[in-house]
Each structure stands twice: as C-alpha cells, then as structure tokens.
Amino acid sequence: MPVQWIPGSGWQANSYLIGDILIDAGVLPMALEQYKDRIETIILTHGHFDHTAHLAQIKAMCSATVCIHEEDAGALRSEAESLSFHFGARPPMIIPDRILSDGDQIGPLRVIHTPGHTRGSICLYHEEEAALISGDTVFPGGSFGRTDFPGGNAGDLKRSVEKLAMLRVESLWPGHEQPVKSGAGRHLLATRQCLQSYHG
C-alpha cells in the first residue's frame with residue numbers, strides 16, 4: 001500500500017495518505033476534499049500546531065477518528081504545548097478518539113514512540129514498503145527536529161534516532177521538506193551521526 005504525499009505549503013507540515021489513514025492535519029482542508037470519503041483515521045505524529053492546524057475541520061469533513069500519543073494529547077488543547085501562539089492562532093481544541101502507545105498497529109502502520117522533539121512524538125513504520133513516516137523526528141540530509149521547545153529533549157531524540165536506525169528503511173516521509181523515495185536508510189544514518197557529533 002503506497003504512501004501518497006500531500007505537500008504542506010509555507011509553515012504547514014506535510015500530510016500523507018495511506019489507504020484510509022491520513023497522517024497529520026496541517027494542510028488546508030481543500031487539499032484533502034477529494035479524499036474526504038476515503039479518510040477514516042487521522043494519526044498525528046505530534047501535537048505542534050503546524051501539524052494540527054486544520055484538524056477540527058478535517059475531522060468534521062471526513063467524520064474521522066483522531067489518534068495521538070498519550071504524551072502529546074494535551075497539546076491539542078494547549079496554546080503553550082501546541083505552540084499555536086507562535087502562529088497567532090488557537091489549538092484545535094479536539095479530544096482524541098484514540099490514545100496511541102509504542103508498538104500499536106493501525107492498518108499497515110506500526111507506531112514507534114520517538115520522544116525528543118516533543119514528549120509524545122511518534123514515527124510510523126510501514127514494514128512491507130520499508131517506509132518511515134518520520135514527523136519532525138528525522139529530516140532528509142542528516143537533519144532532525146528541534147529540541148528547544150517545551151517537551152523537547154536532545155538525549156531522548158538521540159535515543160529515538162538510534163532506534164530508528166535499526167530499521168530497514170527504503171523511503172523517508174518527513175513532516176517538512178520533500179520525501180526521499182529510495183535509499184533513505186543513509187539519511188537516518190547521517191542523522192544519527194550528526195546527533196552523536198552534537199550530543200556525544
């Protein structure tokens with residue numbers, strides 16, 4: 001089941017569609033309107049506003065259930081945790097329908113808890129496709145998510161990337177920037193090396 005990229009524009013994070021699952025909800029609802037009868041589940045990689053800005057509208061449009069890790073659930077109703085005040089906005093004020101934990105399976109996707117950028121950051125691994133949807137944990141080219149926001153922790157991020165580097169990853173689908181559709185494992189190794197250089 002291939003991953004379909006729905007690019008974010010400006011500060012909006014990328015969204016991805018896998019079957020009836022939408023990952024992240026920062027894009028405008030009109031970008032998803034053609035899929036509204038298909039989307040049944042929305043998985044949030046974390047609670048920052050650039051990934052959740054249009055969650056309420058998309059949830060209503062698709063009648064979808066919302067899933068997020070327990071450590072980031074509060075960000076959906078907190079200006080401080082969601083960083084929504086940086087965007088001159090309010091958080092989506094949504095209570096999630098399902099709380100996620102490490103190892104949960106949703107359709108073809110396995111939840112991997114990857115704290116560091118936030119306490120409740122997750123990545124989603126599609127083993128059959130060797131695809132990693134990485135949120136703001138890992139970006140292409142050896143880059144990684146900031147750890148200086150509330151709930152961020154550089155040590156946690158380093159451990160999370162070490163865990164991800166053990167996976168067989170052919171494609172990388174980050175929260176920002178363009179996806180890497182082949183040979184993506186080297187980007188994970190580059191991120192691990194960068195973190196080791198910065199944080200020991």
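Q: In which strand is Thr41 found, and is Thr41 buried or exposed?
A: In this predicted model, Thr41 is found in strand β4. A residue is called buried when its relative accessible area is under 20%, and Thr41, at 14% relative accessibility, therefore counts as buried.

Q: Which residues does Thr41 touch, not counting residues up to four places away in sequence?
A: With those neighbours set aside, Thr41 touches Asp20, Ile21, Leu22, Ala64, Thr65, Cys67 and Ile106. One of these, Thr65, is also the bridge partner of Thr41 in β5.

Q: How should I read the pairing of β4 with the strands beside it, and in which sense do β4 and β5 pair?
A: Strands of a sheet pair through backbone hydrogen bonds, in either a parallel or an antiparallel sense. Here β4 and β5 pair in the parallel sense over three bridges, and three bridges likewise join β3 to β4, which run parallel.

Q: What is the order of strands in the open sheet of six strands, and which strands stand at its edges?
A: The order is β1-β2-β3-β4-β5-β6, with mixed pairing. The edges are taken by β1 (4-6) and β6, each with a single partner strand, so one side of each is left without a neighbour in the sheet. On average, neighbouring strands of this sheet are turned by 25 degrees against each other, when direction is ignored.

Q: How many residues of β5 are buried, and with which residues is Ile68 in contact?
A: Strand β5 is mostly covered, since four of its five residues are buried. Ile68 lies in this strand and, at 0% relative accessibility, counts as buried. Leaving aside neighbours within four places in sequence, Ile68 is in contact with Leu44, His46, Gly47, Ala73, Leu76, Pro96, Arg98, Ile99 and Leu100. On the side of β6 (residues 98-100), β5 pairs in the parallel sense over three bridges, and there the bridge partner of His69 is Leu100. As for distance, the C-alpha atoms of Ile68 and Ile106, which are 38 residues apart along the chain, are separated by 12 Å.

Q: How does one read the burial pattern of a helix, and which residues of α2 are buried?
A: An α-helix has 3.6 residues a turn, so residues three or four places apart point the same way. In α2, the buried residues are Leu55, Ile58 and Cys62. Seen down the axis of α2, these buried residues fall within an arc of 70 degrees, so they line one face of the helix. They pack against β3 (21-23), β4 (41-43), α1 (49-52) and β5. The helix is followed by Ser63, whose phi is positive, near 55 degrees.

Q: How many residues has the largest nonpolar core, and which elements give two or more residues to this core?
A: The largest nonpolar core has 19 residues, and those with the most contacts inside it are Leu22, Leu32, Ile39, Ile42, Leu44 and Leu55. Two or more residues are given to this core by α2 (55-62) and by β5 (65-69), and the largest share, three residues, comes from α2. Apart from this core lies another, of 16 residues, among them Ile21, Leu100, Ala131 and Trp173. Returning to Leu55, its contacts, leaving aside neighbours within four places in sequence, are Ala25, Ile42, Leu44, Val66, Leu76, Pro92 and Ile94.

Q: What is the order of strands in the open sheet of five strands, and which helix packs on the sheet?
A: The order is β7-β8-β9-β10-β11, with mixed pairing. Here β7 (105-106) and β11 (171-174) stand at the edges, each with a single partner strand, so one side of each is left without a neighbour in the sheet. Strand β9 (residues 122-126) and strand β10 (residues 131-135) pair in the antiparallel sense over three bridges, and the bridge partner of Tyr125 in β10 is Leu132. Helix α4 (residues 154-164) packs on this sheet, touching β8 (109-113), β9 and β10, and its direction makes about 150 degrees with that of β8.

Q: Which residues does the UniProt annotation "domain: Metallo-beta-lactamase" cover?
A: According to the unreviewed UniProt entry, that annotation covers residues 12-176. In the model, the end C-alpha atoms of residues 12-176 lie 8 Å apart, and the span is 16% helix and 24% strand.

Methods
Residues are numbered from 1 along each chain as its sequence is written. This is a predicted model: local features need pLDDT of at least 70, side-chain atom pairs count only at pLDDT 80 or more; totals for chains, interfaces and linings use all residues. Side-chain values use heavy atoms; hydrogens and water are left out. A nonpolar core is a set of buried Ala, Val, Leu, Ile, Met, Phe, Trp, Tyr and Cys residues joined through side-chain atoms within 4.5 Å. Buried means under 20% relative accessible area, exposed over 50%, partly exposed in between (1.4 Å probe, protein chains only). Contact means heavy atoms within 4.5 Å. UniProt positions are given in the numbering used here, feature names are shortened, and annotations may be inferred rather than shown by experiment. The arc is that of the directions from the helix axis to the C-beta atoms. Two strands pair if DSSP finds at least two bridges between them. Axes are lines fitted to C-alpha atoms, for helices over the stretch in contact, and angles run from 0 to 180 degrees between N-to-C directions.
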